[in-house]
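My entries follow the structure.

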Amino acid sequence: MTSKESVAAQNRFIYFPDHLVRLPGPGASVSETFKTLSDPLFNGLTWACLTEIARRAKNDDDESIGSFISRRLNSDIADNIFSAGMHGIYAGDIYQLSVRSILPWFWHAEKAMGSMTAAVIGKWNLRWARDERLEAMRARTPPVSSTIEAVRKSSVYTFRKGIGQLADSLATKLKTLSNVKIRQETLVDSVQLLESANAQSVSDPAMSNAIKAHMH
């Protein structure tokens, strides 16, 4: 695990177009921040942020990160800054990655306040947009373990056997539970959260009846 206080966590760089640009971060002085923001990487960022509040909001259920940032700010910021960040974290294309899933504050802020700028000015909090049922479930969860607390304080963490270790460990644990049956090579047609109870209905075209899974 890499602590959020470490030098590595507080110094991030983007290579653009032919040199490394240090991103603004904790510990940087005002003069250092202004010098960084004067780099060509950030051309148009200030004006885009100042005018973002005047841009019309959309009512789509979701869209790509690339589309959202291009629409709310501009395409250069999407392609040069956000693309580099998302490639470093997800190794994915920002025009394929969901803004609602990966950057939920951005998406909900536009829906709730009309723009990200208005959300910042109004001190809007993402927690206001969360589902009450999920909040109730969160309140019933056990106390946070020391391991989870350590992860929360980390900037970067890895699994010794790769990310697949997470799925393998989950499968191993589920196999020990008497009320769990793992169906492999089974097509899931739909997953629906039932309104009447804290349960999910999973539909499989090969089954005559849907499976109902209760959430505790």
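Which element gives the largest share of the lining of the second largest pocket? I looked it up: α5 does, with eight residues. The model is predicted, so I kept its limits in mind: local features need pLDDT of at least 70, side-chain atom pairs count only at pLDDT 80 or more, and totals for chains, interfaces and linings use all residues. Residues are numbered from 1 along each chain as its sequence is written, and side-chain values use heavy atoms, without hydrogens and water.

**Pocket.** I noted a volume of about 600 Å³ for the second largest pocket. Of its 18 lining residues, Arg12, Leu23, Gly85, Met86 and Ile89 are the closest to its centre. (A pocket is an open set of points on a 1 Å grid where a 1.4 Å probe fits, with protein on both sides within 12 Å along at least five of seven lines; lining residues have an atom within 4 Å of a point.) β2 (13-15), α5 and β4 (154-156) each supply at least two lining residues. By class, I read 14 nonpolar, three polar and one charged.

**Helix pair.** Next I checked α4 (residues 65-72) against α5 (residues 75-90). Their axes come within 8 Å and cross at roughly 140°. I then looked up the contact (heavy atoms within 4.5 Å). Ile65, Gly66, Ile69 and Ser70 in α4 meet Ser75, Ile77, Ala78, Phe82 and Met86 in α5. This contact has six nonpolar, three polar and no charged residues.

Technical notes. Axes are lines fitted to C-alpha atoms, for helices over the stretch in contact, and angles run from 0 to 180 degrees between N-to-C directions. Helices (H or I, at least four residues) and strands (E, at least two) are DSSP runs, numbered from the N terminus. Ala, Val, Leu, Ile, Met, Phe, Trp, Tyr, Cys and Pro count as nonpolar, Asp, Glu, Lys and Arg as charged, and the others, Gly among them, as polar. Grid points are joined across faces, edges and corners, and a volume is the space filled by probe spheres set on the points.
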